[in-house]
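Here is a walk through a two-chain structure, taken one region at a time. Keep the viewer open and follow along.

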Amino acid sequence: MQPGEANKFSTHNETGVRGQGPGAGKNVAVPSQALSDSSPALLPLVPEARHPAPDTRHLTPDPIGYVMVLPYLLHLVIFLGYPLAFAFVLIFHRWNIYTPMKWVGLGNIRLLLSDPLVWRALGNTLYFLLIHIPLQLVIALGLAQLLNQKIRGRAFFRASYFLPFVISGVVVTILWQQLYAVETGIINVLLQLIGLPKIGWLTDHRFAMPAIAIMATWKNVGLYIVLFLVGLQSIPSHLYEAAELDGASGWQQFRLITIPMLNPTIMLVLVLSTIGGFSLFIEPYVMTGGGPANSTLSGILYLYKQAFFFSKMGYATTIGFFWATIIFIVVLIQRRFVETEAM
Amino acid sequence: MQPVHIYLSPSLQMRPLAILLLLVLSVSCSSSRSSTSVDTGGRATLTYWSATNAQELDFANQVAAEWNVQHPEVQIKVEPVPSGQSSEEVILAAIASGTTPDIYANVFPGAMQDLLDAQGIVQLDAYPDFYDVLHERMTPELLNQYRSSDGHFYQVPWKSNPIMVLYNTRMLREAGVSSFPTTYSEFLAAAARVTRDRDGDGRIDQWMATIDYYPIWYKRLYDYLPLYAAATNGQTLFQGRRIMFGNESSVAIFRFLHECFAKGYVPRQSFQGDVFLDGRVTAKFVGPNSIGHLERYRSADFEYDFGPIPRPDGATGQPVSFADPKSIVIFKTCRHPREAWEFIKFVISKRHDLRLLELSSQLPIRAGLLEDETFADYFERNPKLVKFAEQLATARSIESIAELKEIFDAIAQEVEASVVFDLKPPEQAVHDAARRSQQILDAQ
């Protein structure tokens, strides 16, 4: 996949040759779209005319093919297929690693459905998303809009915003732990300077999850700025020119051109941060251990506790599959909801 | 350019499978190493894992050095237990990977069931002199607390840190408290006098006690469990697979702790440094092993002493506490278990029990410590240890069930929710902890 190919599509798209479906005409440079659309373009690269080709309709399997895909197949089998299949088997077993597995049928699933902490974790995750996603969208889009202007030191700012995203999550978390410290943290020092009371950011069960959501937003915003920048730059400038001629204000242009044209990017950011939110782990693990009073217990942290504190591998994999199902459903709903809205 | 053709024999079609098989084999064939090694001179070397603190490592090294001189054919190699979240996890991981030492001297009896389930440890009452050796140390009733669910013994109860309340006696005296509190109301009354704002900035900066309420299961072994043992005169938390702690005594403990937090006697924050030695906190739940640290870092005029675990008002009789015992086990990977047993007997001999006291101020689990000539001189020089030796007589161990960690986690969660953050009333919290614990047991 080359950038040039994506451009090729964009011309196709704009002339309406390949435009299919509601969103296809507008979104051009969104990576996921480009990836899926570009595969047919690779076909002509296969040299066919060189050989006196045998009857291609009755291909005998060429063993070299298997050898060539072997690294990928091995990777797939060892790191994906086998663990997944094993985890699925574990759902129906009790296993603590050091004693033999024992069949428990649907015991783990029954336990899951009656376990208040699973639902607590789900509630916490939704609360996290409720703060994190709007914050993420607004800040990332706002900064992308700014960084899309011709400002001095633009490359520097773009790099700075991206930096937290590539720094290790544990390092970021430990740094923020210092910022959030009750007595010595700079945030509370500043709050007191302007006459506000101190907040137990990580020690008060009302503030711990918002605190983590703010930190997660800070850490990931760089990635989403880049995605929005790509989206912004792919909006044809003649749309804005036409709107300006018609007397549209800056806000009208933003609302009626930028937002609809960015819809696929918004969708992508939404899906990515939802999945990120559901896999929240490092932050509560390092900062709060899921507390205070389970207010930052995330699904993955609970899974981790069950697996590695209490050695309940079967129950942990049950939580894992349950969590994967929920992510799948939520993303499905989001796609339907947000994409319909864009039409 | 002409493309290159590679011709493959038909047998190569099967090759991917063969390669896969080879790979799997090479991954799974990790050499199973045993910790016991026999060197060329025909000598056996046994690995001995000790707790990681300097005092105990010192003890282990001294004892091993002495043994090694006397027994050139069986050498002991001392290693601190590798670090991990808790030593129980390290041991279980070692069992799963077959990298256990020969002897481990710091087993928490509550975790014994895990080791048994993993079939990782040697049955010790199979040795003909097991009962002779152990009955010389303790009464059959006390020994029985360490019997495993299958009726056999797999551990040698070795040492204990009975939990008591450490007080800054100067602070108590200055607040006008003349004797150590023995009941909840005495404790709360003392707390009301001690807790105050010293520098007058409107915030409390001197507290009655600190409790590390971070909800990790083992932290509740040092506050809730001794309080429960004291309140119930040593009743057990479980009977078989039934949860017994969902009772009035637990509610009273939760209420007591709740009042400590609610009235600010115990701070809802963690501190850098040692606030007890700084003279900002008056009391703390600890065992005698804390004395080493206190003696090392206290200022010359710092005064401290130990009082009993507070009990509900009106309680009588000798107060009970949690013994926090540690045991010695031999792992099945040991190729010379008989020699290992001989070494254990060497470690728990009277002479070395005295050395353990001298080096680490931890109590050997031995009846009649205070009457024994061997230790008389030590207790004379260390009067503070006498209280612990007295407490040891009535301190109790904890039942070993595989779900112990999870149950204590459930208790820790409820303590945090109710006692610390006031999110539910104590009755509700105790009820919820007991119900969840029973669910954990029933789920198995």
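This is a predicted model: local features need pLDDT of at least 70, side-chain atom pairs count only at pLDDT 80 or more; totals for chains, interfaces and linings use all residues.

## A four-stranded sheet in chain B

Let's start with an open sheet in chain B, whose 4 strands come in the order E7-E10-E6-E11 with mixed pairing. Strand E7 (207–209) and strand E11 (304–307) of chain B sit at the edges, each pairing on one side only. Going from one strand to the next, the twist averages 20°.

## A covered strand with two partners

Next up is strand E5 (residues 156–160) of chain B, which is mostly covered: 5 of its 5 residues are buried. E5(B) is joined by 4 bridges to strand E12 (residues 325–330) of chain B, in an antiparallel arrangement. In that pairing, Val156(B) stands opposite Ile328(B).

E5(B) also pairs with strand E13 (residues 363–364) of chain B, again antiparallel, through 2 bridges. Here Lys159(B) has Pro364(B) as its bridge partner in E13(B).

## Two helices side by side

How do helices H13 and H14 of chain B lie relative to each other? The axes of H13(B) (residues 350–360) and H14(B) (residues 373–381) come within 10 Å and cross at roughly 10°. The two helices are therefore roughly parallel to each other.

On the H13(B) side, the contact is made by Lys350(B), Leu354(B), Leu357(B) and Glu358(B), while H14(B) supplies Thr374(B), Phe375(B) and Tyr378(B). Sorted by class, the residues of this contact are 4 nonpolar, 1 polar and 2 charged.

Ser361(B) is in the loop between H13 and E13 of chain B. Is Ser361(B) buried or exposed? With 23 other C-beta atoms within 10 Å, Ser361(B) is buried, because 20 or more is the cut-off for that class.

Gln119(B) is another non-glycine residue with a positive phi, this one near 50°. You'll find Gln119(B) in the loop between H4 and helix H5 (130–137) of chain B. Gln119(B) has 11 other C-beta atoms within 10 Å and so counts as exposed, since the limit for exposed is 12 or fewer.

Ala44(B) belongs to strand E2 (residues 44–50) of chain B. Its count is 19 other C-beta atoms within 10 Å, so Ala44(B) is partly exposed.

For a sense of scale, pick Ala44(B) together with Ile309(B). The two are 265 residues apart in sequence, and their C-alpha atoms are 47 Å apart in space.

## How chain B splits into domains

The domain assignment divides chain B into domain 1 (37–154 + 324–394) and domain 2 (164–322 + 400–442). Taken over C-alpha atoms, the centres of the two domains are 29 Å apart. Domain 1 of chain B puts 20 residues into the contact and domain 2 of chain B puts in 19.

Which elements give two or more residues to the domain 1 side of that contact? They are helix H4 (112–117) and helix H15 (383–394) of chain B. The largest share comes from H15(B), with 6 residues. By class, the domain 1 side that touches domain 2 of chain B has 6 nonpolar, 9 polar and 5 charged residues.

## The chains overall

Zooming out, chain B contains 17 helices and 13 strands. Its C-alpha atoms fill a box of roughly 95 × 65 × 45 Å along the principal axes. Of the 444 residues in chain B, 43% are buried. Among contacts in chain B between residues at least 6 apart in sequence, 76% join residues at least 24 apart.

Chain A has 16 helices and 2 strands. Buried residues make up 27% of its 343 residues. For contacts in chain A with a separation of 6 or more, 68% come from residues 24 or more positions apart.

Note on methods:
Residues are numbered from 1 along each chain as its sequence is written. Chains are lettered from A and ligands numbered from 1 in the order in which they are written. Domain bounds come from an automatic or database domain assignment. Two residues are in contact if their C-beta atoms, placed from the backbone, lie within 7 Å. Ala, Val, Leu, Ile, Met, Phe, Trp, Tyr, Cys and Pro count as nonpolar, Asp, Glu, Lys and Arg as charged, and the others, Gly among them, as polar. Axes are lines fitted to C-alpha atoms, for helices over the stretch in contact, and angles run from 0 to 180 degrees between N-to-C directions. Angles under 35 degrees count as roughly parallel, over 145 as roughly antiparallel, 65 to 115 as roughly perpendicular and the rest as oblique. Two strands pair if DSSP finds at least two bridges between them.
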